[in-house]
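Biologist: Hey, can you walk me through this one? I'm new to reading structures.

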Amino acid sequence: MSSSTGSSRATGPSRPPRSAIVIGAGVVGLATAWSLRNHGVEVTVVERRHPAAGASWGNAGWLSPALTLPLPEPAALRYGLRSLVSPESPVYIPPRPDPRLARFLLSFTRNCTPRRWRVLAATFATLNRHALEAYDALAADGVAEPTRPAEPCLLAFRTAAERAAMVEELEQARAAGFSIAYEPIEGDRARELEPTLGDGIGAALELHGQRYLNPGNFVRALADAVREHGGEILERTEVSGIRDLGQGVAVTTSRGQLRADVAVVATGAWLDGLVRPFGVRVPVQAGRGYSFSVPAEGAPTRPTYLAAQKVVCTPLGEGRVRVAGMMELAPVERPVDPRRIQAIIAAARPLLRGIDWEARKDTWVGARPCTPDGLPLVGPTASPRVYVNGGHGMWGVALGPLSGRLLAEAIATGTSPAELAPLHPLR
């Protein structure tokens, strides 16, 4: 693939763009397309499968600003190599020779210091203040699928010592600028709120001010709204390259060449191949998460997080509850590893009673796009006509509507919001 790029950071096209091609129809790409349409830009979304086909479908669906924290943290270094190569570990790296992954991990560990975490957390705190507002704006503009208040979310622990570790993390986040309301409770009170919690739960936190949604339904509703708003979505269309034409862009697809004033790459874990020719050197690594659903009867009735086990339960409606967890640094095309599903069940079974684990369905693994510093890549590339919106890690659903709104404002007005400065793709 070829490209025509400059040697300095883009300052934007000479005139406001009238047309845009957005590559990727997950929540991030569709939110960008929606916001561009609100600025009067003609939008074509190109998707290799269909809307909500990737990480936007099978994730936990939590809109939890209190927990939207930097992935690189000092505790990550304490897992140790032995745990990282165990299929039962919450974070797993399948052993394989992979120089690219080794470079990613080296850069990642450099960000796992207390000082660096505080800097990254301050950036997340700024974004999180507006994350739920971005969802409210979508609802006000006609996106039909609702978000639901999680009042409260329950964070459940076996012991008070496990809870103390989470309280310390929440207090560190508060010190970095997060707004967090929580209340410690004992196991008996937690079981009053959520009777499916087992006797092994001895402590918990009530977390207030959070929300949740059915992510697949929401992204499909967002796609419908984009179409109703005048945007076009081309499904089952592969993109193989982007060229900067000087006065616009040409996007090479399996349906032929598309042209527009600007292009936005929002392809999640597949970002690298399209944006590297335009100067983006921050690597994006697939951090694969697993999920499945179980019957609602006997499962948690509210968003519940087994924090030490890193297992999340989310009521989806429609008689199902999603159970999600694990982080696996592996190639995006790697098939489902059944050991990871069994590891989720083994971690959760002693702490939840009543779930019919054998009736699970919708087994899923999805590639969440992780960067070494945990911050998304949102903004222009070395070309003033090619933009990026991706690299959100586990927080694509939580932050996608906000990053879409901010990037669309930057593209349409030529003035970049201050919140995007730390997220610059050429950092």
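This is a predicted model: local features need pLDDT of at least 70, side-chain atom pairs count only at pLDDT 80 or more; totals for chains, interfaces and linings use all residues.

Biologist: Okay, is Leu-197 buried or exposed?

Modeller: Leu-197 is buried, at a relative accessible area of 0%. Buried means under 20% relative accessible area, exposed means over 50%, and partly exposed is in between (1.4 Å probe, protein chains only).

Biologist: And what does Leu-197 touch?

Modeller: Not counting residues up to four places away in sequence, its contacts include Leu-154, Ala-156, Thr-304 and Leu-351. Contact means heavy atoms within 4.5 Å. Pro-300 is 103 residues away from Leu-197 in sequence, yet their C-alpha atoms are 7.7 Å apart.

Biologist: Zooming out, how many helices and strands does the protein chain have?

Modeller: There are 11 helices and 21 strands. The radius of gyration is 21 Å, close to the 22 Å that the globule rule gives for 427 residues, so the chain is as compact as a globular protein of that length. That radius is taken over C-alpha atoms, and the rule is 2.2 Å times the number of residues to the power 0.38.

Biologist: How much of the chain is buried?

Modeller: 58% of the 427 residues count as buried. Also, among contacts with a separation of 6 or more, 76% are between residues 24 or more positions apart.

Biologist: Switching to strands: which strands does β15 pair with?

Modeller: β15 pairs with β19 (residues 361-370) in the antiparallel sense over 8 bridges. It also pairs with β18 (residues 320-329), again antiparallel and over 8 bridges. Two strands pair if DSSP finds at least two bridges between them. Within these pairings, Arg-288 has Ala-367 in β19 as its bridge partner, while Val-294 stands opposite Val-321 in β18.

Biologist: Why is β15 largely enclosed?

Modeller: Because 10 of the 11 residues of β15 (residues 285-295) are buried, it is largely enclosed by the rest of the structure.

Biologist: What about the sheet with β3 in it? What's the strand order?

Modeller: It's an open sheet of 3 strands in the order β3-β9-β5, with antiparallel pairing. β3 (62-63) and β5 (148-150) are at the edges with a single partner strand each, so one side of each has no neighbour in the sheet. β3 pairs with β9 (residues 210-212) over 2 bridges, and Leu-63 has Arg-211 as its bridge partner there.

Biologist: Now helices. Where does Arg-37 sit?

Modeller: Arg-37 lies in helix α1 (residues 27-38). Arg-37 is buried, with a relative accessible area of 16%. Beyond its neighbours within four places in sequence, Arg-37 contacts Glu-42, Val-43, His-229, Gly-230 and Gly-231.

Biologist: And Glu-409, which helix is that in?

Modeller: Helix α11 (residues 396-413). Glu-409 counts as partly exposed, at 33% relative accessibility. Leaving aside neighbours within four places in sequence, Glu-409 is in contact with His-39, Gly-414, Thr-415 and Pro-417.

How values were computed. Residues are numbered from 1 along each chain as its sequence is written. Side-chain values use heavy atoms; hydrogens and water are left out. Helices (H or I, at least four residues) and strands (E, at least two) are DSSP runs, numbered from the N terminus.
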